[in-house]
Amino acid sequence: MSVELLDGGIILGFVEDDEAFNGSVQDRFTYLDTNHDGLLSYSEMLKELQSLRMIETHFGIDVKPDPEELSHVYDSLFLQFDCDSNGTVDLEEFKAETKRMMLAMANDLGFLPVQMILDEDGFLKKAVDRELTKLRSDASA
């Protein structure tokens with residue numbers, strides 16, 4: 001975990017950088033695909049969704065969510081990724097939904113920087129790292 005400054009422009013730049021974005025999505029997909037069949041099952045996706053702890057914390061404080069509500073949220077999130085409703089998520093579905101979610105975050109953040117705690121392996125941290133590399137490259141040119 002690290003504390004970083006982030007705004008919508010940083011996220012947008014990352015998503016629009018095909019090489020950086022597609023490479024990061026491919027890496028995460030490969031990591032999640034534990035049986036290496038080229039598809040993400042509900043159980044493979046569930047591990048990722050649970051690691052996000054979206055409902056289990058409230059402003060950084062652990063809370064005990066209703067298990068039924070939690071299950072419903074995870075089911076709904078999986079369905080967002082499983083566009084063709086075949087019970088699995090392929091790379092293109094994963095990429096499309098990840099892109100949609102990242103663009104929504106960029107739109108919600110706007111262009112005023114906010115300080116956030118980011119997971120080292122997360123897409124937002126990769127967006128910040130990409131921006132820092134770009135700024136350093138521009139400064140040395």
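Q: Which residues of helix 1 are buried?
A: Gly-8, Ile-10, Ile-11, Gly-13, Phe-14 and Val-15 are the buried ones in helix 1. Buried means under 20% relative accessible area, exposed is over 50%, and partly exposed is in between (1.4 Å probe, protein chains only). Helices (H or I, at least four residues) and strands (E, at least two) are DSSP runs, numbered from the N terminus.

Q: Where does this come from, and how are residues numbered?
A: This is a predicted model: local features need pLDDT of at least 70, side-chain atom pairs count only at pLDDT 80 or more, and totals for chains, interfaces and linings use all residues. Residues are numbered from 1 along each chain as its sequence is written, and side-chain values use heavy atoms, with hydrogens and water left out.

Q: What do the buried residues of helix 1 pack against?
A: They pack against strand 1 (2–6), helix 2, helix 5 and helix 6.

Q: What does Ile-11 contact, leaving aside neighbours within four places in sequence?
A: Ile-11 is in contact with Leu-6, Met-102, Met-105, Ala-106, Leu-109, Leu-124 and Ala-127, with those neighbours set aside. Contact means heavy atoms within 4.5 Å.

Q: And what sits at the start of helix 1?
A: A side-chain oxygen of Asp-7 comes to within 3.0 Å of the backbone nitrogen of Gly-9 there.

Q: How many residues are in the largest nonpolar core?
A: The largest nonpolar core has 22 residues. Ile-11, Leu-40, Phe-94 and Met-102 have the most contacts inside it. Two or more residues each come from helix 1 (8–16), helix 2 (18–32), helix 4 (67–81), helix 5 (91–109) and helix 6 (123–140). A second, separate core has five residues, including Leu-46, Leu-49, Leu-70 and Tyr-74. A nonpolar core is a set of buried Ala, Val, Leu, Ile, Met, Phe, Trp, Tyr and Cys residues joined through side-chain atoms within 4.5 Å.

Q: Step back a bit. How many helices and strands are there?
A: Six helices and six strands. From the N terminus on, the order is β-α-α-β-α-β-β-α-β-α-β-α. The protein has 141 residues, and buried ones make up 35% of them. Of the contacts with a separation of 6 or more, 68% are between residues 24 or more positions apart.

Q: Now charges. How many salt bridges are there?
A: The structure holds six salt bridges. A salt bridge is a side-chain nitrogen of Lys or Arg within 4 Å of a carboxyl oxygen of Asp or Glu. One of the pairs is Arg-130 with Asp-17, with the closest N and O atoms 2.8 Å apart. Arg-130 lies in helix 6 and Asp-17 in the loop between helix 1 and helix 2, so the pair ties together parts 113 residues apart in sequence.

Q: What else is Arg-130 bridged to?
A: Glu-131 forms a salt bridge with Arg-130, with the closest N and O atoms 3.7 Å apart. Both Glu-131 and Arg-130 are buried.

Q: Which residue does Asp-129 pair with?
A: Asp-129 pairs with Lys-125, and their closest N and O atoms are 2.6 Å apart. Both lie in helix 6, four residues apart, about one turn of the helix. Asp-129 is partly exposed at 30% relative accessible area, whereas Lys-125 is buried at 7%. Salt bridges that share partners join Glu-4, Lys-125 and Asp-129 into one network.

Q: Switching to backbone. What is phi of His-36?
A: Phi of His-36 is near 55°, a positive value in a residue other than glycine. His-36 is in the loop between helix 2 and strand 2 (39–40). His-36 is exposed, with a relative accessible area of 64%.

Q: And Ser-85, where does that lie?
A: Ser-85 lies in the loop between helix 4 and strand 5 (89–90). Ser-85 has a positive phi of about 55°, although it is not a glycine. At 58% relative accessibility, Ser-85 counts as exposed.

Terms used: A polar contact is a pair of N or O atoms within 3.5 Å; within protein, one must be able to donate a hydrogen and the other to accept it, and residues adjacent in sequence count only if both atoms are side-chain atoms.
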